[in-house]
Amino acid sequence: MLLFVACGGDSDDTTSADGDTDDEVTTDDDATEDADSDDGYQTEPPVTYHYFVGASGQDLDTNETELGALFEEQTGVNFQMEYLVGDLYEKLGVMVAGGTYPDVIVPDHGIDMLLDAGAFIPLNDLLEEHGPNILEMYDEYLERFTMPDGNIYHIPFGPTINEFIPNPNIDQGAFWIQRGVLKEYDFPEITTVDEYFDIIKQYADENPQIDGMNTVPFTGLTYDTSFFTFSNIPNHLAGYPNDGGVSIDMETHEASVYADSDEAYEWLKKLNELNAEGYLDQEMFVMNLDDYLAKLSSGRVLGFFDYGWQFGQARNALEDAGNSDHEFMALPVTLNEDIEDQYLDPPAFTQNRGVGISVNAENPERIIQFWDNLVKEENQKLVMWGREGEHYEVDEEGRFYRTEEQIALTSEQEWREDFGAATFEWNWPRLNGSFSDGNAIEARRQPEVALANYTDDDKEYLDAYGIDTFAELFAQPQDRPWFPAWSANIEPGSDAAIFEERSEEVTKRHYPRIVLAEPGNFDAEWEAFVSEYRELDVESYEEFFTRTVEERLQGNWQFE
């Protein structure tokens, strides 16, 4: 509780919502004490807040979902959800320029912009008075997102409580390959990038079309803010997890950029050769996210690199199509056999992403009370598992599991949306790890569910590789107490922030030129990139992340 000595902002000083929309909070200052719930939450009058999420989604009122209606009954609070359309920084920039904000904001990677603009109110007093469950669940993480001025301005997602339970499947980075390619060649072991491309090229030569469509041997996601998916690849090939734009040496803990590394050169050289030979998707650097997902969903793509959480829509489409050989399998590909892969994330807490309450929100204690109710164990079980007897069962030992019918039901997007799982499973204060009874908080991490979820076709591939889960193909993550380094709060306008912005511009401009160049011009294009890249303040950027790692190893997650 000593954290809350440095408090800020009385909720009575907050201003009303903007008057040029019809999203104002509907409230009444005449609420009486007898309108409180058994937990002390104020339930009257009913109130609706404007909740903006800086990611794609379906706009709705939370009380239109089964869970949202229940939570409104428990707290009297409803949220009008607005999801991002267009460019995130442009959207947030308009908010900052006008000084008018939604009541609640999930700014994603634009969080530093809003923190710098003073868009969020301090939450210390509110949490101490109205958020006992939040404080309990986030207990050991509070210092990590308490800013240097002593205030908490946002609440991150997914603190690991009790026991960390790894995902049996791959939802992070990997090289993906169409499963039918592996079956065609009797399930070969593939661990290097050369082995990966060799089998893809062979299959493409033998199958120039799939289902009447031209085969796409290799593609990738390079669109807009998703460009990191492409620029991160050299780091993974070198045997590092995603720490952002730097690789962290495991012995010295020094941070080094890798955009112009030997590994980057080697990777781009392979893509350049792939392009010259006609195996690279010619739309790779021009298609948007929707185009990319549609292409993956078509069943004609043989390989790509991506983070599993980014293309779930395409995976679902392929599963629904019914041809399991067109689905994708993740492979732990590195540059050579001497490199151990590190695709699986170690236990992590991302403290520079989360949700905050804006200066325009009235009666912010009602929002805190809603969140406090949401993180209760019984409500987290509803969000993550559903209702016992309908969406999951409990065996004699207290272990949660799902029947085949329940797995099918809870996998349906329509059910996820109607029930509210799709709304509440992320972008809200929520938990990760395990419940007090030992069951996984996320159903997908429960071994009983993961194994039951595998189809006979899945098991064919698992059996062929002698594994029980798809994650077993990958090396176990090394201990990285600072992970992920990219979650450090970078002050807008600082040397590190300027480098990050300019280096992204340089990389976005040069990488496509390098890959698409005539082979004879490859080295010239590479040297032009390195020359411009090294004109930037690389040293300050590396020093910032080296210090970030050093501070975190000492327990300091926020520093000046």
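A residue is called buried when its relative accessible area is under 20%, exposed when that area is over 50%, and partly exposed in between (1.4 Å probe, protein chains only). By this definition Tyr49, at 0% relative accessibility, counts as buried. The structure is a predicted model, in which local features need pLDDT of at least 70 and side-chain atom pairs count only at pLDDT 80 or more, while totals for chains, interfaces and linings use all residues. Residues are numbered from 1 along each chain as its sequence is written, and side-chain values use heavy atoms, with hydrogens and water left out.

The protein chain contains 22 helices and 17 strands, where helices (H or I, at least four residues) and strands (E, at least two) are DSSP runs numbered from the N terminus. Its radius of gyration is 24 Å, close to the 24 Å that the globule rule gives for 560 residues, so the chain is as compact as a globular protein of that length. This radius is taken over C-alpha atoms, and the globule rule is 2.2 Å times the number of residues to the power 0.38. Along the principal axes, the C-alpha atoms fill a box of roughly 75 × 60 × 45 Å. Of the 560 residues, 54% are buried. Contact is defined as heavy atoms within 4.5 Å; among the contacts with a separation of 6 or more, 75% are between residues 24 or more positions apart. The C-alpha atoms of Tyr49 and Tyr465 are 51 Å apart in space, and the two residues are 416 residues apart in sequence.

An α-helix has 3.6 residues a turn, so residues three or four places apart point the same way. In helix H1 (residues 66-75), the buried residues are Leu67, Gly68, Phe71 and Thr75. These residues lie on the same side of H1, because they cover an arc of only 95° around the axis; the arc is that of the directions from the helix axis to the C-beta atoms. Their cover includes strand S3 (77-83) and the helices H13 (364-374), H14 (377-385), H16 (413-419) and H17 (421-424). Gly76, which follows H1, has a positive phi, near 75°. In helix H11 (residues 289-297), Tyr292, Leu293, Lys295 and Leu296 are the buried residues. Viewed down the axis of H11, they fall within an arc of 160° and so line one face of the helix. Among the elements that cover them are strands S9 (216-220), S12 (301-307) and S13 (328-331), together with helix H12 (312-321).

Ser231 is found in helix H8 (residues 228-231) and is buried, with a relative accessible area of 17%. Apart from neighbours within four places in sequence, Ser231 is in contact with Tyr258, Thr507 and Tyr511. Thr507, in turn, belongs to helix H20 and counts as buried at 7% relative accessibility. When residues up to four places away in sequence are not counted, Thr507 touches Phe227, Ser231, Pro512, Phe529 and Tyr533.

Several features of the backbone were also noted. Most residues other than glycine have a negative phi, and most peptide bonds are trans. Asp211, however, has a positive phi, near 55°. This residue lies in the loop between strand S7 (209-210) and strand S8 (213-214) and, at 60% relative accessibility, counts as exposed. Asp224 likewise has a positive phi, near 50°, and is found in the loop between S9 and H8. Its relative accessible area is 33%, so Asp224 is partly exposed. A cis peptide bond joins Glu44 and Pro45, with omega about -5°, and Pro45 lies in the segment before S1. The bond from Phe483 to Pro484 is also cis, with omega near -5°; Pro484 is placed in the loop between helix H19 (456-465) and H20.
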